[in-house]
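Please read the following report alongside the sequence and the coordinates. It takes up ring pairs, salt bridges, backbone angles and surface patches in turn.

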Amino acid sequence: MSTLAERLRAGARDAAPYVIAAVELLIADPQSAWLDNDEFLEACVTDSINQDAALIDWENARDLFDVGAFDAPVGDGRAVANQALLNFAITLAEERFNLSFMNDQQRRLIVTALAQATQHEG
């Protein structure tokens with residue numbers, strides 16, 4: 001039997017690169033543990049163990065995120081970071097950045113800007 005991560009990869013295999021990136025982001029960050037979050041899994045993941053594939057319902061994830069279903073407790077910095085990671089993954093999967101329309105130089109500028117934005121001061 002395969003793991004959920006393997007089934008999600010199988011489910012996204014033929015998806016657009018931005019969807020694959022969103023899936024990989026959630027898989028790669030065990031700290032946020034979205035793939036262990038029962039509420040997220042029940043509401044947003046269709047897991048066909050028999051077919052060895054799983055899919056994330058990104059539209060439902062966005063709807064639930066926007067109404068606060070995955071809100072972090074006030075003052076919990078780690079939970080806020082986990083929530084931000086989910087928001088970024090959802091935004092990638094929605095193709096909200098229109099990455100598929102950008103040329104290589106524009107995509108590199110986005111990556112550079114994101115790297116610059118995440119540098120710690122001090």
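The sections below describe selected side-chain contacts, backbone angles and surface patches.

## Basis of the values

This is a predicted model, in which local features need pLDDT of at least 70 and side-chain atom pairs count only at pLDDT 80 or more, while totals for chains, interfaces and linings use all residues. Residues are numbered from 1 along each chain as its sequence is written, and side-chain values use heavy atoms, with hydrogens and water left out.

The structure holds 4 aromatic pairs, where rings of Phe, Tyr and Trp (its six-membered ring) pair if their centres lie within 6.5 Å, and planes under 30 degrees apart count as stacked, over 60 as edge-to-face and the rest as tilted. One of these is formed by Trp34 and Phe40, an edge-to-face pair with 5.8 Å centre to centre and 65° between the planes. Trp34 also pairs edge-to-face with Phe70, the ring centres being 5.6 Å apart and the planes at 80°. This second pair links distant parts of the chain, since Trp34 lies in the loop between α2 (17–28) and α3 and Phe70 in the loop between α4 (58–66) and α5 (77–93), 36 residues apart; helices here (H or I, at least four residues) are DSSP runs, numbered from the N terminus.

## Salt bridges

There are 6 salt bridges in the structure, each being a side-chain nitrogen of Lys or Arg within 4 Å of a carboxyl oxygen of Asp or Glu. Arg62, which is buried at 7% relative accessible area, forms a salt bridge with Asp66, their closest N and O atoms being 3.2 Å apart. These two residues are 4 apart in helix α4 and so are separated by about one helical turn, and Asp66 is exposed, with a relative accessible area of 53%.

Arg62 also meets Glu94 in a salt bridge, at 2.9 Å from N to O. This pair links distant parts of the chain, with Arg62 in helix α4 and Glu94 in the loop between α5 and α6, 32 residues apart. A network of salt bridges links Arg62, Asp66, Glu94 and Arg96. In helix α6, Asp104 and Arg107 lie 3 residues apart, about one turn of the helix, and they form a salt bridge whose closest N and O atoms are 2.5 Å apart.

## Positive phi angles

Most residues other than glycine have a negative phi. Ala33, however, has a positive phi near 55°; Ala33 is found in the loop between α2 and α3 and counts as partly exposed at 25% relative accessibility. Glu95 likewise has a positive phi, near 60°, and is found in the loop between α5 and α6 (104–117), where Glu95 is buried with a relative accessible area of 10%.

## Surface patches

Patches are made of residues with over 30% relative accessible area and no salt bridge, like charges being joined within 9 Å and nonpolar side chains (Val, Leu, Ile, Met, Phe, Trp, Tyr) within 5 Å. Asp36, Asp38, Glu39 and Glu42 form a negative surface patch, in which Lys and Arg count as positive and Asp and Glu as negative, His and the chain ends not being counted, and the place of a charge is taken as NZ of Lys, CZ of Arg, CG of Asp or CD of Glu. Asp38 belongs to helix α3 (residues 38–44) and counts as exposed at 60% relative accessibility.

A nonpolar surface patch consists of Phe88, Phe97 and Leu114, with about 250 Å² of accessible area together, areas coming from the Shrake-Rupley method with a 1.4 Å probe and, for residues, only the protein chains shown counting as cover. Phe88 lies in helix α5 and counts as partly exposed at 32% relative accessibility.

Note on methods:
Buried < 20%, exposed > 50% of the residue type's maximum accessible area, 1.4 Å probe, protein only.
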